[in-house]
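Me: I am new to this structure and would like to learn how to read its aromatic rings. Could you take me through them slowly?

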Amino acid sequence: MSWTAEPKRACPADLPEQALVPSDQLRFINRFTVVRADACISCGLCASLCPYGVHKRIEGHGKILSPDDRSCIGPACSVNYFFCVANCPTRSLSVKTSDTYLSMGDPRWTSDMILATWAQAETGRPLPLDHPGNTGASGGGFDKLFFKVPETEVEFSPSEICTSLDLNRRKTGTKVRIPIPIYGGGMSFGSVSVHTMLSRAKAAKSWNTFTCTGEGGYPELLVPYKDHVITQIATGLFGVREETIQRARIVEFKYAQGAKPGLGGHLLHDKNTPEVARMREAVPYTSLFSPFPFHSVYSVEDHKKHLDWAYSINPGAILSVKVSTPNDVEMVSVGSYYAGAHIVHLDGGYGGTGAAPEIAKKNIAMPIEYAIPKVHKFLVNEGIRDEVTLIASGGLRTAMDVAKTIALGADGAVIGTADLVALGCVRCGNCESGRGCPRGIATTDPMLDKLIDSDWGAKRISNLYGAWRLQWCELLARFEMDDISQLRGRMDLLRRADKPAKEVGK
Amino acid sequence: MFERYHIPIKMVEGRAKPVPKFVIVRADNCVNCGKCEKACIYGAHKRSEEDPRKMADPQNQLCKNCFRCVSECPQRALTMSPGPEYRLLGKGIWTPLMISTIWGESETGKIPVFGAGYRGMFAGPGFDGMWTDMSEIVRPTRDGIHGREFISTSVDLGSKPAFLEFDKDGRVASDDAHALLELPIPFVMDISRLRILHGNMMSGYLHAAKHLNTLLMASPALVPHDLPDDERTRLVPVYPESTDVGTLELPRGVRIAEIQLTPRWREDVRKFKERFPGTVLALRMNAGGEVDRLLPDLVDAKVDVAHLVFDEQGSEHMEDKRHSKDSLRAAHKSLVSRKIRDQITIITGGGIAAAEHVPKSILCGADAVALEKALLIALECRDCPSCSKESCPINLHEAPVEWVEGRVLNMVGAWRDQLLEVLGAMGLREVRRLRGELGRAIFYEDVEMEAFGELKGGELDG
């Protein structure tokens, strides 16, 4: 394929530094619980043994502090001579899986994955390639695909590995290159708070990538970040005006969303606060169900007119078309390309949402894992693969999911839920109604949205992207690659199995 | 005048103690500081009413699993664990989630809408191994339940003539062989196999069937004699194997009756057609490979409706235990290949545990779906392993008639709306066009093979 003929792409420079960004809220939600029984005599032996700092005793205090569960590595530690449980003279220590760990998560976003994402957002340190937090437990798709990673560890320098993504691969038009193969997916004002949007926009700016307005209009507070914010035009057309199209470098047409393919956006009445309603030019506290489909587009010719319209308003824009994954997704993709789209964005059935009927999330349209190779192969056969930027989203949770997506044939990915998990989302799934998110992320409640500080949030998301980039670098280095575009379409590097070949102790 | 079909829904609260998904435990080291009360936006933590110095026990049924109280408790006295009673609900395809979803639908009558993406397994056996198609553009028919476009959910029970015949004067020749009944929804209610049925439940179901303008299949022995006419026409008597069709007396007003498939079925059908020419005849049978071969014969014998029965997990009772997804496809195809599909109606019953199973059954080839156990779950049934009047945790025998009716209307209303959403997403205007539309279904085994068939390192299993 043609990438071998292209000159070596420059490695990204000036990437943001990682910083420690802890969360007060999340530090008590951990993998293990260390229990100290009343029999403890506060002798302090455990404090002197534990190299991870679980046990701490402050000089001059009679009583030892309660254990810091966060640092404990769990029963895996029992092989060590310093295992506190075995050495306690009064046998008052025990370690167990925490109840919270057991009640959190689901097969797609396991507890391990949520905790690992929080840890990456906090520290910016990448996960090992065989960490259990890399894959879910849903028993199919990404969770059944594993890289055949060469076992020998290799030395590599991240600055020499290129993870960039070109967003316009056509011969003409504005060229935009982002240093990581991901950008942020659309989340409307109304489904999430303006602080969440700001966190994502600031993180996008620091990584020189993009985030997206979603369909709820373009809040003024985002304008300073306009070079990193995509204007989305969705079927509801909320808040879409000439100037919001003109200020964007990328304009995205949302035909459908993976979580509710064939249905318009849902914003239930409680979350449509006066501020949201003003932005959407709607009546406050009414439920807003966007139409489906675009009532101005009933054919591929209409679709071309649609793109031409955006192009005439903003001739420099890169045009993205976001579609869901029906049976004929490859025809839709080709049609979008010939109508003038630069980016074909496939949103798979298991994608995130602020509110969607459960029946649609589970049953309508196929998972993204099937759509990517289908479209990739079709575009190759059509001879236009290198003119299209193929972006996938919908149920991509980790850096490894993104890498698998690229190996299946996409150029890059769009990330949504992982950004929110970095901000402290526990995936409780109560975003849709009432006051919205109790953690202040997917809410428009004037009290709750204060829980997220956008500078803090931006650093957490930025840390996550940094950790992901380092993980991609390690994966590429293992495969002796120095550019992530070399991974594209390399399905031969994947194996289909129930478990990775080797998994660190759980 | 045209009237759009409408199912009246209203809030019908549960009678039983709720089964919480999560249980919060407050340990002894709680100092009653009240921080959890401020943290919880759902009101699960409150001070005790008798002694405001103390925190009351957490209201677990209000908990939505956000962990705010757990993470904000300064004493770390709160822990949350999965509710033990909830986890043990149901078995097989009747998962705790399926059961609690039906409870919610029967209470509110609304489509379950929640935040965050899909959270279940990637795929699974039975109906979990298929997805329905959608289309991005085409046809101004959409907007689902929120739009102005009308999507028809009407189905016909009975055989349709393949073409019209005219007599020599150009009038349509009457054809009594085609008894036909139109229902506004592709659901019938079948209480003939329910494991428990009290008097009020029977009346509640019947009222619901009347309101829904659909049918209630029940054993004739259970039907009260003094029913008003508008209720009696809603009944489908289900006669047992021992019935002698030659001497059978149908209750007045009945438009459709069901007999069992027995070795003497040809004789029974002939007699029924002779004695009750305008009445739709349904033949009930356990689904299986034998049935695929038998269906063309049933068409020849002018049976109007084949009612295929599966067990409550949706599997065939005998032989290879195929799931109804596969069984229905085989039955449908055996008729289509002989060009006689429209001469018989297929009703499927058993293993219908969620709204999504309705469009999926119809996609696989059924014309209509019989609701059975879901009708019990709608009344908050906990699907206990053993069932008796005395041990019933929800005192089902005391359930008022109006309550039963309201819960059923709500569930059917929510299921129909979800059917409309699926039809809307596919760009279909009527549910009749969904039947057997296999090109608009996506089957796990097909897409998995297409996408990953070339991958080494694992066999293509389930």
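Reply: Let us begin with burial, for which a residue counts as buried when its relative accessible area is under 20%. The model is a predicted one, and in it A:Y370 has a relative accessibility of 2%, so this residue counts as buried.

Me: Which kind of pair do the rings of A:Y370 and B:W131 form, stacked or edge-to-face?

Reply: Two rings pair if their centres lie within 6.5 Å, and planes over 60 degrees apart make the pair edge-to-face. By this rule there are 15 aromatic pairs over all chains. For A:Y370 and B:W131 the centres are 5.9 Å apart and the planes stand at 70°, so the pair is edge-to-face. This pair crosses between chains, since A:Y370 belongs to helix α11 (residues 368-382) of chain A, while B:W131 belongs to strand β4 (residues 130-132) of chain B.

Me: Is B:W131 buried or exposed, and what is the angle between its ring plane and that of B:F122?

Reply: B:W131 has a relative accessible area of 1% and is therefore buried. Its ring and that of B:F122 have centres 6.1 Å apart and planes at 70°, which makes this pair edge-to-face. B:F122 is buried, with a relative accessible area of 1%.

Me: Which residues do ring pairs link into a cluster?

Reply: The cluster linked by ring pairs consists of A:Y350, A:Y370, B:Y118, B:F122, B:W131 and B:F452.

Me: Where does the charged end of B:R329 sit?

Reply: The charged end of B:R329 sits over the ring of B:F443, 3.8 Å from the ring's centre. In chain A, A:R280 lies over the face of A:F238, at 4.9 Å from the ring centre.

Definitions and conventions:
Residues numbered from 1 in each chain as written. Chains lettered and ligands numbered in written order. Predicted model: local features only at pLDDT ≥ 70, side-chain atom pairs only at ≥ 80, totals over all residues. Heavy atoms only, no water. Phe/Tyr/Trp six-rings, centres within 6.5 Å; stacked < 30°, edge-to-face > 60°. Helix = DSSP H or I, 4+ residues; strand = E, 2+ residues; numbered from the N terminus. Buried < 20%, exposed > 50% of the residue type's maximum accessible area, 1.4 Å probe, protein only. Lys NZ or Arg CZ within 6 Å of the ring centre and 35° of its normal.
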